[in-house]
Amino acid sequence: MQNSLLQDKKVAIIGGGPVGLTTARLLQMKGVAVTVYERDLNEQARISGGTLDIHKATGQKTLAHAGLIDALFEQSRPVGMCVADVTGKVLLQMKPDKSKPEVDRPVLRKILYNSLAPGTVAWNTPVTGLKKHGNVFQIVAPDDSVHVADVVIIADGGRSKARQSITDELPEETGTFVIQGEIAHFKQDCPVVFALTGESNLACVQDRKTIFLQNRSDGSLCYYVSFRRSKQWLQEHSFDFSDKASVLAFLDTLFAAWSPIYRELFKATSSFNGFPLRVFQPQLQKQHGFENATVVGDAAHVMTPFGGMGVNMGLKDAFTLTENLTGHRFTTIADAIADYERQMVAYAKPVQEATSQADDRIHHTAAHALFNMKKRITINVLKVINWAAIFFLMLTVGVFWGLYLSLSRSYQLLSLSVLIDVGKILVANLAMPMRFIAMTAIALMGTSIYLQTDKKSKWFYFSIAGILCLIIPLVLTVAIEVPVNNQILSWTPLTAPANWETFRNKWQIVNVLRVIFALMSFGFFTAGVVKPFHKELVV
Ligand SMILES: Cc1cc2nc3c(=O)[nH]c(=O)nc-3n(C[C@H](O)[C@H](O)[C@H](O)COP(=O)(O)OP(=O)(O)OC[C@H]3O[C@@H](n4cnc5c(N)ncnc54)[C@H](O)[C@@H]3O)c2cc1C
């Protein structure tokens with residue numbers, strides 16, 4: 001046992017999805033006694049849903065700590081993505097992204113399950129709630145079997161039952177409904193759509209609706225259709241997903257204006273499922289006495305799937321919580337859990353909000369296509385402006401830097417008459433072009449900053465630092481250098497003041513300062529624009 005907080009304590013995890021199993025693995029690696037209660041019959045139970053792409057900074061980081069990153073890369077694959085329109089025309093084809101492998105849900109479960117000690121998962125145990133007896137939790141199952149634990153981690157997904165035992169807060173309806181279809185043999189059963197996508201996934205987002213196709217590694221396909229309806233409509237309409245004909249009729253009507261190729265998908269579907277999209281607010285108010293219980297994954301912050309962030313946030317929860325519980329930073333389990341919950345709200349809430357905004361744009365405003373078009377235009381304009389700004393900044397910085405490197409650092413070697421001549425030549429050559437080049441650089445940098453879409457990111461502040469560092473040398477030039485230049489221009493070797501060397505030294509100091517700030521400007525602004533190591537949230 002490498003930690004003291006969970007020494008001799010029993011931890012129960014409710015739900016053996018990717019987040020619950022990962023949490024169990026991370027705790028078990030630290031010698032913690034942990035049991036996962038899972039409602040599925042056994043490890044071979046069918047898992048519904050498409051593939052999951054595991055992101056580097058969140059999901060992959062956690063799996064690396066769990067010692068499972070190699071298994072993930074061996075058993076997953078990068079998948080391309082095409083974007084099509086309602087006519088079935090492919091608008092965009094993205095190559096597979098090797099850094100974000102797509103893994104089939106059953107494969108991920110197998111990787112995680114096999115990493116656990118035998119007997120860790122209590123299969124066929126659908127938990128109905130939690131009770132508190134003194135300091136101990138009782139995990140309630142329908143067969144009246146008795147399970148107790150000192151710490152409970154709720155990981156039973158977006159329709160969590162166990163969450164209701166620790167908080168009165170209810171999920172919020174988004175009004176968006178998803179119908180999920182399964183196709184056993186994509187290539188054979190849907191040749192026309194397969195010809196369009198091949199092994200790539202496909203997204204069509206238009207007309208306040210979406211169709212997302214996800215290829216699985218076994219040749220099967222899972223697709224999602226989403227649309228939005230009023231709460232009243234959703235209450236009044238209940239789908240019977242075993243009645244394939246009625247679901248087909250609904251989809252055919254919903255997509256009547258779309259290309260018939262999409263209806264090929266519906267016809268080839270072997271089974272349907274469907275559910276309304278809901279969100280759980282991550283900042284939950286727990287009932288008194290449940291300080292040693294917490295939530296992770298979808299049970300903590302189920303979000304809309306527009307962005308593919310759900311499982312990645314959940315894996316980040318698993319890492320953050322287990323680090324708190326098994327590290328040595330906290331004196332009580334309750335403190336470790338409270339700190340995890342604070343961190344979780346801070347990182348999961350903005351992501352949840354971004355996915356909800358994407359959901360709104362797609363299904364509600366009807367302006368999604370227009371929004372996307374405007375966003376694409378802004379991004380393209382921004383790219384041009386960014387590179388133009390870097391180009392003009394480079395020219396400006398190059399003058400300061402080149403002048404210092406080639407000449408100004410050796411001014412003290414020049415005689416007074418040579419210095420006067422050099423000064424006159426420099427002013428004559430540089431005054432006008434530098435006004436144009438530097439002002440253009442500032443204007444382009446300012447426009448780039450104004451157009452940047454993510455004004456909360458650290459890269460935005462890099463760009464701001466870049467422009468400020470360029471303004472400083474320009475101010476130095478105008479406030480100190482130009483008056484000195486004007487003095488020198490009025491001199492001859494005979495009329496120069498006795499303290500002309502003081503002027504020269506001032507000139508030299510300004511040159512050095514200008515070079516330092518100009519180089520900093522170039523570094524900051526280029527980093528702010530190029531954003532090294534930055535991953536976009538795709539929604
Ligand atoms: C349409 C759709 C598409 C998505 N696409 C993506 C995507 O591309 N990328 C991505 O990152 N995320 C995606 N997500 C989200 C992703 O599926 C979830 O974020 C992720 O599965 C959460 O993992 P989890 O372990 O918290 O919950 P789950 O995967 O839901 O696992 C919960 C587990 O708890 C078990 N369980 C449930 N109730 C009980 C009970 N009462 N007792 C015992 N066990 C119980 C379940 O059987 C299950 O094994 C998508 C979600 C949806 C709805």
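Reader: What makes up the lining of the second largest pocket, by class?

Author: The lining has 15 nonpolar, three polar and three charged residues. Here Ala, Val, Leu, Ile, Met, Phe, Trp, Tyr, Cys and Pro count as nonpolar, Asp, Glu, Lys and Arg as charged, and the others, Gly among them, as polar. This is a predicted model, in which local features need pLDDT of at least 70 and side-chain atom pairs count only at pLDDT 80 or more, while totals for chains, interfaces and linings use all residues. Residues are numbered from 1 along each chain as its sequence is written, and side-chain values use heavy atoms, without hydrogens and water.

Reader: How much space lies in the second largest pocket, and which residues are the closest to its centre?

Author: The second largest pocket holds about 470 Å³ of space. It is lined by 21 residues, and Leu430, Ala431, Met434, Thr477 and Val482 are the closest to its centre. Helices H14 (368–406), H15 (416–451), H16 (458–490) and H17 (500–530) each give two or more residues to this lining.

Reader: What makes Ser270 buried, exposed or partly exposed?

Author: Ser270 has a relative accessible area of 47%, and is therefore partly exposed. Ser270 lies in the loop between helix H10 (260–267) and strand S16 (271–279). Its C-alpha atom is separated by 33 Å from that of Ile154, although the two residues are 116 apart along the chain.

Reader: Which residues surround the ligand, and how many are there?

Author: The ligand is surrounded by 31 residues, the closest being Glu38, Arg105, Val127, Asp298 and Val311. The shell divides into 12 nonpolar, 11 polar and eight charged residues. Helix H12 gives the largest share, three residues.

Reader: How far is an oxygen atom of the ligand from an N or O atom in the side chain of Arg105?

Author: The distance is 2.8 Å. The protein buries 87% of the 990 Å² that the ligand exposes when taken alone.

Definitions and conventions:
On a 1 Å grid over the protein atoms alone, a cavity is a set of points where a 1.4 Å probe fits but cannot get out, and a pocket is an open set with protein on both sides within 12 Å along at least five of seven lines; lining residues have an atom within 4 Å of a point. Grid points are joined across faces, edges and corners, and a volume is the space filled by probe spheres set on the points. Helices (H or I, at least four residues) and strands (E, at least two) are DSSP runs, numbered from the N terminus. A residue is near a molecule or strand if one of its heavy atoms lies within 4 Å of it. A polar contact is a pair of N or O atoms within 3.5 Å; within protein, one must be able to donate a hydrogen and the other to accept it, and residues adjacent in sequence count only if both atoms are side-chain atoms. Accessible areas come from the Shrake-Rupley method with a 1.4 Å probe; for residues, only the protein chains shown count as cover. Buried means under 20% relative accessible area, exposed over 50%, partly exposed in between (1.4 Å probe, protein chains only).
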